[in-house]
Amino acid sequence: MVRILYELCGAEPDRLFSAYSWRVRLTLGLKGLEFENRPTPFTKVPSVADTDHNRVPVLIDGEKTVVESFDICTYLEDTYPDTQTVFGGAGGRENAALIDNLIITGLYPTITRMIVKDIHSQLAPPDQTYFRESREKRFGATLEDVQRGRDKERQRFQTFLKPYRRRLEEGQFLGGDKPLFADLALTGSFCWAIATSPYDTLDGDELMHSWLNRVLEACGQSAALKRAT
């Protein structure tokens, strides 16, 4: 049985940059579960796996199709209980849901404003058209205007990172001795930024960069991250 993971990609199929897909990839890697990836550009996402779900990631595991990154991670945790845990128990799962919401509402919009034009530059022409139209409608401004204020945005971003930095000053991972969902979800967010933009959203923060590399290594995914230059 081959697990298949549909992941968002740029003009280059090996430039994988969906933060949500990355957290699933990291979960699979941490659990030691093999999978086959299917790079999918924006304009091909609606046709993925014969579903009406217009987003990736999509995981196909035998006859089971699972959508939404958090649901996929939950499915993997429940289906393969003898592998490395990503939640650390029922209470950890509830805490993971909270972290998920904090990242979605705080981190994602902030990173987007710092790299949105750079993302556009990594896409094939049909996807560039879709991306520009949808994102400029969302922001009410051009991609160029949104990204122009990224240095100030990065300064504000440091406030968001403070609780994570404080935790990492005390241990190797947010989850303690081993990565848990908070590590995977946050790392996935930075993989998205690193794959699409040469702009360092972490502003040279050695503590955060070292932690990110440890998570990638623990999940066996260091080589999968194609860094933008």
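**Notebook: rings, helices and burial**

I looked up Phe-160 and recorded it as partly exposed, because its relative accessibility is 21%; the class lies between buried (under 20% relative accessible area) and exposed (over 50%), with a 1.4 Å probe and protein chains only. I note that the model is predicted, that local features need pLDDT of at least 70 and side-chain atom pairs pLDDT 80 or more, and that totals for chains, interfaces and linings use all residues. Residues are numbered from 1 along each chain as its sequence is written, and side-chain values use heavy atoms, without hydrogens and water.

**Entry: aromatic pairs**

I searched the whole structure and found 12 aromatic pairs. Rings of Phe, Tyr and Trp (its six-membered ring) pair if their centres lie within 6.5 Å; planes under 30 degrees apart are stacked, over 60 edge-to-face, and the rest tilted. The rings of Phe-42 and Tyr-130 form a tilted pair, because their centres are 5.5 Å apart and their planes stand at 40°. This pair joins distant parts of the chain, 88 residues apart: Phe-42 lies in the loop between strands S2 (36-40) and S3, and Tyr-130 in helix H4 (residues 125-139). Helices (H or I, at least four residues) and strands (E, at least two) are DSSP runs, numbered from the N terminus. I then asked: is Phe-42 buried or exposed? Phe-42 counts as buried at 13% relative accessibility, whereas Tyr-130 is partly exposed, with a relative accessible area of 38%.

Next I looked up Phe-157 and Phe-160, whose rings are stacked because the centres are 6.0 Å apart and the planes at 5°. Both belong to helix H6 (residues 150-168), 3 residues apart, and are therefore separated by about one helical turn. An α-helix has 3.6 residues a turn, so residues three or four places apart point the same way. Phe-157 is buried, at 1% relative accessibility. I also recorded a cluster linked by ring pairs, made of Phe-157, Phe-160, Tyr-164, Phe-190 and Trp-211.

A charge sits over a ring if NZ of Lys or CZ of Arg is within 6 Å of the ring centre and within 35 degrees of the ring normal. I found the charged end of Arg-150 over the ring of Tyr-199, 4.0 Å from its centre, and that of Arg-214 over the ring of Phe-173, 5.9 Å from its centre.

Which residues does Asp-118 contact, leaving aside its neighbours within four places in sequence? I listed Gln-147, Arg-150, Thr-196, Ser-197, Pro-198 and Tyr-199, contact meaning heavy atoms within 4.5 Å. Asp-118 is placed in helix H3 and is buried, with a relative accessible area of 14%.

**Entry: helix packing**

I found that H3 and H7 pack at about 5°, with their axes 10 Å apart. The two helices are therefore roughly parallel. Residues making this contact include Ile-111, Ile-115 and Asp-118 of H3, and Phe-190, Trp-192 and Thr-196 of H7. Of the 16 residues of H7, 16 are buried.

The axes of H6 and helix H8 (residues 206-218) come within 10 Å and cross at roughly 70°, and these helices are therefore roughly perpendicular. Their contact involves Leu-161, Arg-165 and Leu-168 of H6, with Leu-207, Met-208 and Trp-211 of H8. Axes are lines fitted to C-alpha atoms, for helices over the stretch in contact, and angles run from 0 to 180 degrees between N-to-C directions; under 35 degrees counts as roughly parallel, over 145 as roughly antiparallel, 65 to 115 as roughly perpendicular, and the rest as oblique.
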